[in-house]
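Dear colleague,

I am handing over the structure below, and my notes on it follow. Please read them with the coordinates open beside you.

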Amino acid sequence: MVPITTLHYLVVAAALFALGVIGVLTRRNVVIVLMAIELILNAVNLNLVAFSRMWGNLHGQLFAIFIVVDAAAEAAVGLGILIAFFRNKETINIDEIDLLKW
Amino acid sequence: MFLNHIYLIPLFPAFGAAMMFFFGRRLQKKTVNAVCVGAVVVAFLFACFTVVEYTHLAHGTGKPFQKIVYTWLGSGDGNLNIVKKDGTLAPFNVDAGFLLDPLSSIWLLFVTGVGMLIHIYSTGYMAHEGGYYRFFGYLNLFMFAMLTLILANNYMLLFVGWEGVGLCSYLLIGFYFHRNSASTAANKAFIVNRIGDAGFILGALTLVWYLGSFRFIDINAAARSGHFAIGDPVLTAAALLLFVGACGKSAQLPLYVWLPDAMEGPTPVSALIHAATMVTAGVYMVARSNAVFVLAPNAMKTVAIVGALTAVFAASIGLVQNDIKRVLAYSTVSQLGYMFLALGVGAFAAGVFHVFTHAFFKALLFLGSGSVIHAMSGEQDMRNMGDLQRRIPTTYKTMLIGTLAIAGIFPFAGFFSKDEILWQTWTKESDAYRILWLIGYGTALMTAFYMFRLMYLTFYSPSRMSHEAEHHVHESPKSMTVPLVILAICSIGAGWLSWPHSLGGSARFEKFLEPVFAREAVVLVEEGKSAQLAAGEKEAEHTDKTEYALMFLSLAAAGVGWGMARRSYKNAGQGYVEPIAAAAPPLYRLLYNKWFVDEGYDYVFTGRRKIGDVRLGVMGAGEASSWFDAKIIDGAVNDAGWLTRAVATLSTWWDKWIIDGIGVNGPAILARMLSYPARLFEWGLMQWYALVMVAGLLGFAFYYVYH
């Protein structure tokens with residue numbers, strides 16, 4: 001059985017990250033975009049935890065927990081903005097969120 | 001006992017008036033008579049007993065009796081104060097209080113007495129008129145107001161009565177309210193009186209402000225205290241203002257115009273108000289304020305001059321009037337002028353005496369003329385009368401007595417009072433007063449002339465009546481003739497109360513009044529000026545010879561007037577010619593049209609005269625100034641506004657297009673145009689931004705990895 005090394009983690013994290021970026025770039029539904037951003041954040045978390053294990057240092061894990069909290073806050077704020085926006089325009093299509101262009 | 005309930009005297013007629021007001025419409029004429037005439041009879045009897053009791057109490061000292069019922073205005077405990085002219089405080093207190101002294105006693109007696117007779121007379125005269133209860137209600141209300149006026153112990157309560165008689169005068173003149181002329185005359189009386197009232201209230205308040213009390217006793221005491229110099233300017237102003245009030249109420253120049261027109265009222269009203277009682281209110285008020293007036297010699301002179309001029313002026317109009325009541329009206333104005341002449345020369349007692357005698361003979365003449373009009377079925381024009389001597393003998397005899405009295409024939413009442421006035425004017429220290437005497441003397445002659453003219457045209461000359469009127473001529477009922485007889489007796493006897501010293505009499509009337517016009521006052525005297533206060537007891541300085549001569553002259557004047565009237569009118573038949581009209585037509589026109597005073601007032605004050613649509617006189621000036629204000633002043637204001645607006649519009653345009661446009665928006669527009677290419681990069685699709693970002697990151701990554 002091949003031992004699971006840091007590189008394995010990094011590959012998985014890179015795959016997750018790529019999935020997240022593709023989701024952000026291609027989906028039109030803002031909720032899905034937000035979910036894709038969660039994917040990106042969790043890819044980063046995975047990296048941090050992997051390096052923390054590699055170096056035997058807990059700082060990385062600590063940082064990962066911060067990011068989890070941050071992600072929760074970000075989701076709350078993002079969904080709040082989204083609800084307010086939906087009340088005004090009755091849509092959550094990201095293409096129509098273009099009022100701040102000038 | 002009576003004295004303590006003096007306040008009841010005005011309340012009797014007030015009760016009658018209230019009864020008429022609330023229940024009059026439903027009452028029978030008999031009940032109306034019982035209530036209204038009864039109230040005045042009771043008031044008269046009460047007044048008689050009161051005066052008797054008062055004279056006993058006063059014992060000839062003439063000390064005033066004051067009965068304060070309650071505090072009418074003010075706090076009563078001194079918490080309300082007037083700030084006097086010198087800055088000190090005086091309590092503001094107006095009593096519902098009554099004052100009886102010799103002066104008000106005399107007024108009380110003749111107002112209630114003559115008023116009673118006129119009430120009785122009215123029951124006959126008004127018997128066939130509508131509004132019977134209304135008439136008597138007004139008469140009673142008038143009695144109430146007049147009694148309040150003369151019994152008041154302060155200026156404010158006097159003013160209540162003063163306004164009250166004005167109101168009743170208005171109501172009674174306008175009694176025939178369906179006649180336009182009557183309602184106009186009523187308005188005229190009210191408005192002209194109001195001008196005088198303004199003067200009165202100002203004068204009274206000036207006195208209060210200066211002397212610190214409303215009460216006559218306090219004011220007279222303060223004026224006599226010696227703290228004020230003769231000719232004190234404030235007192236002079238107050239006296240003149242009071243005299244303006246007297247001019248209005250007592251029909252003096254230039255406010256006399258209402259009185260002749262007041263003849264529109266029923267004849268008993270003319271007798272009651274416009275002869276005997278109300279018009280003497282001005283004389284009463286001036287006599288009441290005598291202590292103030294003697295401190296204001298200039299005001300006294302004004303009073304004397306106005307009085308003398310009014311006397312001769314009104315008499316001259318009376319010479320040619322054809323309406324029997326109008327002649328008497330002008331005669332009243334003229335006699336009131338005499339009274340003011342007397343007051344003005346300081347002969348207060350003589351003036352009051354003339355009021356007293358005049359009340360009787362003028363009431364008699366008016367009631368007599370009413371009886372004549374009654375007999376003639378309403379005809380008032382003397383040109384359509386004549387030869388009534390034997391048809392209405394009682395009226396004729398009593399009116400003859402009245403005429404003799406007013407003309408000043410010895411020994412009728414008018415002789416004593418008028419002669420006293422002329423004598424006092426003559427003996428005034430300054431010789432300039434001889435001119436006033438001359439005016440008064442001329443007036444006496446004119447008086448005799450116009451009164452005998454009235455007598456000849458009405459009673460002696462050949463009949464000029466229409467057949468219809470001639471058919472109906474009848475003597476008046478007893479209720480009318482009995483008052484005439486009583487008044488005739490008074491017109492003979494009233495003068496004897498003041499039989500002069502020079503004819504062996506004792507002048508009791510003046511003795512009685514003396515305390516009211518007491519001269520023992522201490523008075524500040526400026527250096528070099530006479531210390532004499534108005535007219536004192538100066539008879540002693542002149543010999544009786546002068547007085548006899550003056551008496552003889554007066555009698556001669558009366559005789560000459562009589563003779564002239566007799567010669568001119570004895571045979572005045574249909575279409576007779578007035579001697580004045582024959583001798584001097586312009587003068588006749590002038591007198592007949594009453595010196596065109598009413599027309600003059602129309603030109604100057606009322607604005608009834610117009611040129612086209614433009615009013616003349618004061619009203620015209622008002623309208624002109626209103627037009628000037630609206631068109632010129634407001635026009636200028638509006639033009640200034642228009643100019644401001646035009647400038648503002650220009651300035652707005654400048655601000656909007658030049659300042660904002662070029663200065664502020666210009667750079668902004670420039671920036672916007674320049675920024676246009678940069679805007680193209682911002683197309684607003686977030687995912688495109690993210691894609692560019694990712695592409696950029698990948699670009700950097702490849703660059704670093706494969707460099």
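**Notes on the model**

Ala145(B) counts as buried because 25 C-beta neighbours lie inside 10 Å of it, where 20 or more are needed for that class. Please keep in mind throughout that this is a predicted model. The residue belongs to helix α4 of chain B, which covers residues 132–151. If its neighbours within four places in sequence are left aside, the contacts of Ala145(B) are Gly161(B), Gly164(B), Val165(B) and Cys168(B). From Ala145(B) to Gln66(B) there are 79 residues in sequence, and the C-alpha atoms of the two are 19 Å apart in space.

Helix α1 of chain B, residues 8–23, has 16 residues, and the distance from its first C-alpha to its last is 22 Å, close to the 22 Å expected at 1.5 Å a residue. Its buried residues are Ile9(B), Pro10(B), Phe12(B), Pro13(B), Ala14(B), Gly16(B), Ala17(B), Met19(B) and Met20(B).

In one of them, helix α8 (residues 233–249) and helix α11 (residues 281–288) of chain B pack at an angle of about 160°, and their axes are 7 Å apart. Because of that angle, which is over 145 degrees, α8(B) is roughly antiparallel to α11(B). The crossing in which α8(B) passes α11(B) is left-handed. On the side of α8(B), the residues that meet the partner are Leu242(B), Phe243(B), Gly245(B), Ala246(B), Cys247(B) and Lys249(B), while α11(B) brings Ala281(B), Gly282(B), Met285(B) and Val286(B). Sorted by class, this contact of α8(B) with α11(B) has seven nonpolar, two polar and one charged residues.

In another pair, helix α14 (residues 324–344) and helix α17 (residues 413–426) of chain B pack at an angle of about 40°, with 9 Å between their axes. That angle makes α14(B) oblique to α17(B), and α14(B) passes α17(B) in a left-handed crossing. Tyr338(B), Leu341(B) and Ala342(B) of α14(B) make the contact, together with Lys418(B), Ile421(B), Gln424(B) and Thr425(B) of α17(B). By class, the contact of α14(B) with α17(B) has four nonpolar, two polar and one charged residues.

The buried residues of α2(A) are Val30(A), Val33(A), Leu41(A), Ala43(A), Asn45(A), Asn47(A), Leu48(A) and Ala50(A), and what covers them includes α1 (6–26) and α3 (59–89) of chain A. After α2(A) comes Gly56(A), which has a positive phi, near 65°.

Finally, how many residues of chain B are in contact with chain A? There are 10, and they touch nine residues of chain A. Helix α27 of chain B (residues 686–706) supplies the largest share of the chain B side, with five residues. That side of chain B, taken by class, has six nonpolar, two polar and two charged residues.

With best regards

How values were computed: Residues are numbered from 1 along each chain as its sequence is written. Chains are lettered from A and ligands numbered from 1 in the order in which they are written. This is a predicted model: local features need pLDDT of at least 70, side-chain atom pairs count only at pLDDT 80 or more; totals for chains, interfaces and linings use all residues. A residue is buried if 20 or more other C-beta atoms lie within 10 Å of its own, exposed if 12 or fewer, and partly exposed in between; C-beta atoms are placed from the backbone. Helices (H or I, at least four residues) and strands (E, at least two) are DSSP runs, numbered from the N terminus. Two residues are in contact if their C-beta atoms, placed from the backbone, lie within 7 Å. Axes are lines fitted to C-alpha atoms, for helices over the stretch in contact, and angles run from 0 to 180 degrees between N-to-C directions. Angles under 35 degrees count as roughly parallel, over 145 as roughly antiparallel, 65 to 115 as roughly perpendicular and the rest as oblique. A crossing is left-handed if the near helix is turned anticlockwise from the far one by less than a right angle, and right-handed if clockwise. Ala, Val, Leu, Ile, Met, Phe, Trp, Tyr, Cys and Pro count as nonpolar, Asp, Glu, Lys and Arg as charged, and the others, Gly among them, as polar. The expected span of a helix is 1.5 Å times one less than its number of residues.
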